[in-house]
Amino acid sequence: VVAAPSRWEGMSLALLEALARARPVVAADTPGAAEAIGADAGAIVPVGNAETLADALVERLLDPERSATEGRRGRERVEEQYDLRRSLEGVAALYAELVG
């Protein structure tokens, strides 16, 4: 389980790397975090709420099957939505649209 309690950093590289390594992520509700994690690869908790963060982490640490399932879903999510080739193709398409 990976904790990402940042107050500002949402869709960080560390968060995406954790998902790519098939680890469930518990992150603070910052811009981009919920988008990266989705509904089934971990949990989003209120910014600055240490108790809720700790509870979400403990839930996952005590339930290895749930953690494994969320981890697999996170890995699939990163492969589907944040693949480097797809990202580059998206940027190239945007440039073509803006220039063309």
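A residue counts as buried when its relative accessible area is under 20%. That cut-off is used at several stops of this tour through a predicted model.

Start by colouring the protein chain by pLDDT. The average is 94, and 100% of the residues score at least 70.

Next, select helix H1, residues 13-20. Which residues of H1 are buried? They are Leu15, Leu16, Ala18 and Leu19. These lie on the same side of H1, because the arc they cover around the axis is only 155°. Turn to the other side of H1 to find Leu13 and Ala14, which are exposed.

Keep the buried residues of H1 selected and display what covers them. The cover includes strand E1 (2-4) and strand E2 (25-28), along with helix H2 (33-37) and helix H4.

Is Glu70 buried or exposed? Its relative accessibility is 8%, so Glu70 counts as buried under the 20% cut-off.

Finally, show the contacts of Glu70. Leaving aside residues up to four places away in sequence, Glu70 touches Pro24, Asp40, Ala41, Gly42 and Arg60. One of these, Arg60, can be selected together with Glu70 to view the pair.

Notes. Residues are numbered from 1 along each chain as its sequence is written. This is a predicted model: local features need pLDDT of at least 70, side-chain atom pairs count only at pLDDT 80 or more; totals for chains, interfaces and linings use all residues. Side-chain values use heavy atoms; hydrogens and water are left out. pLDDT is the predictor's confidence in each residue, from 0 to 100. Buried means under 20% relative accessible area, exposed over 50%, partly exposed in between (1.4 Å probe, protein chains only). Contact means heavy atoms within 4.5 Å. Helices (H or I, at least four residues) and strands (E, at least two) are DSSP runs, numbered from the N terminus. The arc is that of the directions from the helix axis to the C-beta atoms.
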